[in-house]
Amino acid sequence: MRVKYEKSKGLTDTPLTYCPGCTHGIIHKLVAESLVELDILDKAIAIASVGCSVFSYQFFNCDAQQAPHGRACAEATGIKRVLPDNIVFTYQGDGDLASIGIAETIHAANRGENITVIFVNNAIYGMTGGQMAPTSLIGQKTTTSQDGRDQAHHGNPIKISEMFATIDGVAYLERVSVHDPKHYIKAKKAIKKAFRYQKEKRGFTMVELISTCPVNWGVKPVDAMKWVASDMIPVFPLGVFKDKGATNE
Amino acid sequence: MAKILMKGNEAIALAAIKGGIDAFYGYPITPQNEIPEYLSKHMLDLGRVFLQSESEVSAINMVYGAAGAGKRVMTSSSSPGIALKQEGISYIAAAELPCVIVSVMRGGPGLGSIQPSQGDYYQATRGGGNGDYQLIVYAPESIQETIDIMKDSFNIADYYRNPVLVLVDGLIGQMMESVDFDKPVKERELPEKDWATNGTINHPGRRNVANSLHLDPYGLEQHNIHLQKKYNLIKENETAFELVNMKDAEYVIVAYGTMARICRSAIEMLNEKGIKVGMIRPITLWPFPEAAFDEISEKAKGILCCELSMGQMIDDVLIANNGRHKVGFFGRSGGVLPDPEEIVDAIVNFKDKVVK
């Protein structure tokens with residue numbers, strides 16, 4: 001009997017804690033597969049952030065550190081500078097990265113820290129119960145913007161990939177989505193490329209993944225996938241924002 | 001090496017190098033800037049890591065990362081900067097990672113002043129971070145003593161897997177003294193860092209995780225009980241103090257750091273006046289040297305706690321004294337340093353008015 005599909009060795013046997021229809025599970029799998037395929041899992045150190053992915057230190061089958069809210073890129077910097085031959089990556093949501101941790105993330109990028117940031121943007125605070133995020137869309141109803149996000153009151157959704165494209169230290173930056181198989185395959189390529197660049201010591205790499213939160217969006221899982229395509233991607237257009245180019249393709 | 005004349009902050013930096021520092025992460029703040037300035041040059045020359053972070057918050061989290069990776073790592077700052085580091089310090093203590101933090105105190109609260117102060121006793125010993133944790137806090141009174149402690153600090157941190165805080169004030173940071181870097185450091189048998197997050201390639205078959213999250217309340221309580229056991233061991237093994245002129249002392253000063261130096265001169269002046277005054281000088285502020293208070297003569301008439309603050313260590317003095325003797329307080333704050341004569345007057349005043 002031939003095994004056609006099995007769980008990645010980059011994941012532990014700990015059951016995932018994510019809700020049905022949440023794309024964290026898919027993204028974990030893509031990260032895990034990339035680490036295994038590039039043969040860097042045993043050198044990898046994952047930085048778990050605060051939010052729904054706080055338990056990712058239990059899921060990635062490598063060494064890990066759990067960072068204070070927003071501080072993942074500082075912690076990753078601290079490790080990478082003393083262990084330059086290891087692979088260090090952060091796994092952060094939009095509240096963690098784009099709100100409380102934006103300073104740490106910008107400066108890690110600006111220094112060209114040779115780390116990889118997996119940025120999961122689902123436009124809401126999931127773990128704390130559906131509060132407004134810096135990336136929430138205009139009109140999006142959350143528990144702290146109950147009449148919908150109002151541009152005049154709350155400001156606009158912050159566009160991280162567009163901002164970070166202006167930073168010289170960034171070697172590779174792409175925004176992808178996992179809402180259907182076509183985009184899923186592109187997302188895998190992007191994540192793997194980011195880790196390969198780190199392996200080749202090219203500098204700061206980040207992949208922004210448009211993600212879902214059906215529970216806090218108040219929609220069914222299938223409708224959440226549709227909402228990514230119909231509402232989120234027009235605000236957060238997909239594509240490569242920066243690629244300093246590979247020489248060892 | 002013969003004795004050399006050196007500024008306090010630079011001596012702290014060199015002592016850290018002699019103590020085996022692998023990496024330094026920090027952010028500028030007066031009056032400690034000579035520490036990162038010195039290290040920015042010498043660490044790179046030695047092939048070690050120096051990085052100026054974008055904030056104190058970031059610096060302490062870089063420390064968290066490198067400490068978790070098993071390296072000897074340090075940061076330094078001053079009062080408002082240490083306030084910003086408290087979140088990370090709590091996480092590091094919770095995750096039981098070793099590191100060294102140097103705080104060169106200035107006047108507070110708020111942005112305060114840049115002059116010497118001891119207004120951060122609470123910050124150092126009670127913690128500004130959340131939860132039941134302790135730092136091992138040293139409060140040296142001279143540059144030489146600071147060097148000796150700094151050289152040992154990484155060993156102590158590694159031995160207990162706990163952050164060590166070296167607490168000095170701007171006077172010790174900024175003055176120059178003749179110092180010797182060759183004094184031997186206490187031998188300690190250090191455990192292997194088999195917990196370091198340096199990749200499973202270095203420890204096949206086992207994932208290492210640095211973490212402070214324990215959602216199960218019973219699990220977290222067990223972790224806290226484990227931490228308390230360690231803290232009790234530190235109390236037993238590492239509590240340090242000096243007794244000055246305590247035999248037959250009628251009055252006992254309790255002072256640390258720069259204030260203890262000023263009190264030494266005052267004690268000589270008081271003894272010349274025929275007033276027998278001794279001093280308990282805590283070298284560790286946590287653990288606080290409670291046992292030193294058993295050395296106070298039953299005939300002693302009172303204890304005067306002297307601080308460069310409005311009165312913070314006095315809480316621990318009252319606990320250690322446990323009602324045995326009358327306790328008074330003398331303090332200057334905001335960066336004001338008293339003359340020894342003011343301490344003499346304070347003792348005379350205490351003697352005449354408070355102790356009958």
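**Entry 1: chain A overall**

I began with contacts in chain A: among those between residues at least 6 apart in sequence, 67% join residues at least 24 apart. I count two residues as in contact if their C-beta atoms, placed from the backbone, lie within 7 Å. The model is predicted, so I noted its limits: local features need pLDDT of at least 70, side-chain atom pairs count only at pLDDT 80 or more, and totals for chains, interfaces and linings use all residues. Residues are numbered from 1 along each chain as its sequence is written, while chains are lettered from A and ligands numbered from 1 in the order in which they are written.

I found ten helices and seven strands in chain A. Helices (H or I, at least four residues) and strands (E, at least two) are DSSP runs, numbered from the N terminus. The radius of gyration of chain A is 17 Å, close to the 18 Å that the globule rule gives for 249 residues, so chain A is as compact as a globular protein of that length. That radius is taken over C-alpha atoms, and the globule rule is 2.2 Å times the number of residues to the power 0.38. The C-alpha trace of chain A spans about 50 × 50 × 30 Å along its principal axes.

Of the 249 residues in chain A, 56% are buried. A residue is buried if 20 or more other C-beta atoms lie within 10 Å of its own, exposed if 12 or fewer, and partly exposed in between, with C-beta atoms placed from the backbone.

**Entry 2: strand β4 of chain A**

I looked at β4(A), residues 116-121, and found six of its six residues buried. A:Thr116, A:Ile118 and A:Val120 point one way, while A:Val117, A:Phe119 and A:Asn121 point the other way. In a regular strand the side chains alternate between the two faces of the sheet.

I then checked the partners of β4(A). Strand β3 (residues 87-93) of chain A runs parallel to β4(A), with five bridges, and A:Gly93 stands opposite A:Val120. Strand β6 (residues 204-210) of chain A is also parallel to β4(A), joined by six bridges; here A:Phe119 stands opposite A:Glu208. Two strands pair if DSSP finds at least two bridges between them.

**Entry 3: where the chains meet**

How many residues of chain B are in contact with chain A? I found 34, against 28 residues of chain A. Elements giving two or more residues to this side of chain B are β2 (23-26), β3 (49-52), α3 (56-68), α4 (79-94) and β9 (209-210) of chain B. Helix α3(B) gives the most, with nine residues. By class, this side of chain B has 15 nonpolar, 14 polar and five charged residues. Ala, Val, Leu, Ile, Met, Phe, Trp, Tyr, Cys and Pro count as nonpolar, Asp, Glu, Lys and Arg as charged, and the others, Gly among them, as polar.

I also found strand pairing between the chains: two bridges join β2 (residues 63-66) of chain A to β9(B), and the strands run parallel. A:Ala64 has B:Val209 as its bridge partner.

**Entry 4: chain B overall**

I found eleven helices and 15 strands in chain B. The radius of gyration of chain B is 21 Å, close to the 21 Å that the globule rule gives for 356 residues, so chain B is as compact as a globular protein of that length. In chain B, 53% of the 356 residues count as buried.

**Entry 5: the sheets of chain B**

Seven strands of chain B form an open sheet with mixed pairing, in the order β3-β2-β4-β5-β7-β6-β13. Strands β3 and β13 (284-286) of chain B stand at the edges with a single partner strand each, so one side of each is left without a neighbour in the sheet. Inside this sheet, seven bridges join β5 (residues 99-105) to β7 (residues 163-169) of chain B, in parallel.

I found a second open, mixed sheet of five strands in chain B, ordered β10-β12-β11-β14-β15. Its edge strands are β10 (241-244) and β15 (327-331) of chain B.

**Entry 6: helix α8 of chain B**

Is α8(B) largely in the open or buried? Of its 22 residues, the number buried is one, so α8(B) lies largely in the open.
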